Amino acid sequence: MPRVDRGEGAWLETEHGRLLDAISSWWVITHGHRHPRIIDAIKAQADQLDQVIFAGFTHQPAEDLARGLIAIAPPGLSHVFYSDSGSTAVEVALKMALGFWKNHGSPRSRVIALEHAYHGDTVGTMSAGARGVFNAAYEPLLYDVARLPFPTGRGCDTLAALEEAAKDAAALIVEPLILGSGGMHIYSAELLAKMKNICERHGTLFIADEVMTGFGRTGTLFACEQAGITPDIICLAKGLTGGSLPLAATLCTPQIFDAHYSTDRSRTFFHSSSFTANPIACAAARANLQVWREEPVRERIVGLGEMQEQRLAQFTGDARFQNVRRLGTIAALDLKVADPGYLAGLGPELTAFFHARGILLRPLGNTIYVMPPYCVTAAELDLVYDAIGAAAAKFCG
Ligand SMILES: *Cc1c(COP(=O)(O)O)cnc(C)c1O
């Protein structure tokens, strides 16, 4: 395992040489490694206040960030709850949903989730996620959820299943528009809007897990924007600090906040962790929002989407690939392999192949995806796609 010594823009420097970070260090780095404004903000905050209890106390970076997030989030989300990872942001969302129903005196507790979903690696989020080799050992601890078939075509089966399940469910949780860890499966904004509509009709809460999709990945700041919807709860993490430090936020509507706001302690939303709203992480995220406000990030992500599209085009109609697809800045394609039994070991082999060519890619089985930081250049992207072409030549004969 190589030791990484330095990061800059789209590149990592390891003890063995440079690597082009084509997966944004597991989808977190948005603008590039060590964006100067974010690094400066971290340094300045470290000189001011490193950490403080966030129960009964507050601080400027957390307050500024909360206001900033509410200003850019889908309209109607009014309250922010901080935590420290994507998994925790989702746990918090699920607990808010259950607390909402309990405090309303209604017995709803069932969660609905999509086939192939991934929502994190804690017990609660694994339960909402798809079952597989990654959580088989923990199956006895996982709770049962209503599972919707992944939407294909017009998504009629998914919508019908949701219509049935939503009648008495507490919440539907989705990764909007694209399911990441489950294999970069894309579905339409129209379907997302229809799912939201069904939930509304049944009073079922709608949770958008934007841990991966948030902060520009899908071509808009948040994926929900493309469907014109406001979820009841949204989960943010990975790109929140531009990927520089761990921080997460769960935003909710006034209805969910009000359901918990009471002098009666039994109605409280109970979730506290030691590093909630760490001031340095909040300062990094505040600087990230400033980058979004003051730099042409939106133009950059549109440009990156176009560059991805151009390079993907060479593989459309190439018999060695299938499901060539793109959503915003994310491109994905599946390598066709003759022996499906070979699939399980293919991911690591491809990863090693790319690594030897100076590219950090980490395919999910036979699904190769490119999710670079937004500072990546056309020439750098060419290196990535040249390597993908070489991989097809080697692994597809
Ligand atoms: C990565 C991810 C998570 C978990 O985030 P962590 O910070 O790794 O705990 C949750 N949901 C989605 C959609 C993710 O992509």
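**Salt bridges**

A: Arg6, Glu8, Glu13 and Arg34 are joined in a network of salt bridges. The term means a side-chain nitrogen of Lys or Arg within 4 Å of a carboxyl oxygen of Asp or Glu. The model is predicted, so local features need pLDDT of at least 70 and side-chain atom pairs pLDDT 80 or more, while totals for chains, interfaces and linings use all residues. Residues are numbered from 1 along each chain as its sequence is written, and side-chain values use heavy atoms, without hydrogens and water.

By this rule there are 21 salt bridges. Glu8 and Arg6 pair through their side chains at 3.1 Å, N to O. Glu8 is partly exposed, at 45% relative accessible area. Arg6 is partly exposed too, at 38%. The classes come from a 1.4 Å probe on protein chains only: buried is under 20%, exposed over 50%, partly exposed in between.

Next, a link between helices. Arg201 and Glu163 form a salt bridge at 2.9 Å, N to O. This pair connects distant parts of the chain: Arg201 sits in helix α7 (residues 189-202), Glu163 in helix α6 (residues 156-165), and 38 residues separate them. Helices here are DSSP runs of H or I, at least four residues, numbered from the N terminus. Arg201 counts as exposed because its relative accessibility is 52%. Glu163 is partly exposed, at 25%.

One more pair: Lys167 bridges to Glu164, with the closest N and O atoms 3.0 Å apart. Lys167 has a relative accessible area of 45%, so it is partly exposed.

Terms used. Helices (H or I, at least four residues) and strands (E, at least two) are DSSP runs, numbered from the N terminus.
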